[in-house]
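Good morning, colleagues. I shall speak about helix packing and charged pairs, and I ask you to keep the structure in view as we proceed.

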Amino acid sequence: RMVGQDEALCRSAIYRALSLALSRPSPERLGSLRSEEARVALLEATAALESGEDLRACTADWIRALSTLTLDEWQSSHARLFGHTARGRACPYESEYGQEGLFAQPRQLARIMGFYRAFGLETAEAERERADHVACELEFLDFLSRKEAIALEANDPELVEETQKAIRLFIGDHLGRFGRAFARLLRECDPGGFFSALGDLLYDFLSLESRRLGLPPGLT
């Protein structure tokens, strides 16, 4: 059985791959995703975390789609799905899901930024991306999972409790609330494509995380 820090690092590897894949396409990001190191880390992480076949099968399918993906194809699919408006065909912004009222979105964004700032983080100015973008939220959970692993290895119970509480709250109140609905849109809008396979992986991983934390699965 894995020790706690190994499990946290496995979750971190999956969050990182998902975050990169849902960020704005670039040659550097494509190179990182398609590297042998990233491929092995992702396969090992999903195999270690999941006793069933679903997550492993989704990972293998996505890696196959990724292996033939060109930068032009990625950019084209990204533009087609996410477009140049907030909503797009597959909206990647949390505060566009199920929010009502004039002031709901600013409040939601403020809550998300509050999580980031509590750990000394800000969204990158160069990216000009909203804090509630799915890639930002996934990157934050990658950061928290790595921080949890460090705290476990250092035998720092206070920091372990702090990071585990933040992970549970952030998934329960934010990524877990809309992430599966977003993943379903990826599958519907890009049948048989790179983002469809990515949607399968995201959906199954968020379902696994919700079960692990005893949280309701969120919007579907």
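Let me begin with a definition: helices are DSSP runs of H or I with at least four residues, strands are DSSP runs of E with at least two, and both are numbered from the N terminus. The model is predicted, so local features need pLDDT of at least 70 and side-chain atom pairs count only at pLDDT 80 or more, while totals for chains, interfaces and linings use all residues. Residues are numbered from 1 along each chain as its sequence is written, and side-chain values use heavy atoms, with hydrogens and water left out.

A salt bridge here is a side-chain nitrogen of Lys or Arg within 4 Å of a carboxyl oxygen of Asp or Glu. By this rule, the count comes to 13 salt bridges. For accessibility, buried means under 20% relative accessible area, exposed means over 50%, and partly exposed lies in between, with a 1.4 Å probe and protein chains only.

Helix H9 covers residues 194-213, and within H9 lie both Arg212 and Glu209, three residues apart, about one turn of the helix. Their side chains form a salt bridge, at 2.7 Å from N to O. Are these two residues buried or exposed? Glu209 is buried, at 1% relative accessible area, whereas Arg212 is partly exposed, at 35%.

Asp142 and Arg146 both belong to H7 and stand four residues apart, about one turn of the helix. The closest N and O atoms of their salt bridge are 3.0 Å apart. Asp142 is buried, at 3% relative accessibility, and Arg146 is partly exposed, at 37%.

H7, residues 134-153, also holds Glu148, which is buried with a relative accessible area of 5%. Beyond neighbours within four places in sequence, Glu148 has contacts (heavy atoms within 4.5 Å) with Ala8, Arg11, Thr163, Gln164 and Ile167.

A further salt bridge joins the side chains of Arg130 and Glu96, at 3.4 Å from N to O. This pair links distant parts of the chain, 34 residues apart: Arg130 is in the loop between helix H6 (104-118) and H7, and Glu96 is in the loop between helix H5 (71-82) and H6. Arg130 is partly exposed at 23%, and Glu96 is buried at 15%. Asp132 joins Glu96 and Arg130 in a network of salt bridges.

I come now to helix packing. Axes are lines fitted to C-alpha atoms, for helices over the stretch in contact, and angles run from 0 to 180 degrees between N-to-C directions. Helix H1 (residues 4-21) and H9 cross at roughly 145°, and their axes come within 11 Å. The crossing is left-handed, meaning that the near helix is turned anticlockwise from the far one by less than a right angle.

Which residues of H1 meet H9? They are Glu7, Arg11, Ile14, Tyr15, Leu18 and Ala21, and their partners in H9 include Phe205, Glu209 and Arg212.

Finally, helix H2 (residues 27-34) packs against helix H4 (residues 54-67) at an angle of about 135°, with the axes 10 Å apart. H2 likewise passes H4 in a left-handed crossing. Leu30, Leu33 and Arg34 of H2 make the contact with Trp62, Leu66 and Ser67 of H4.
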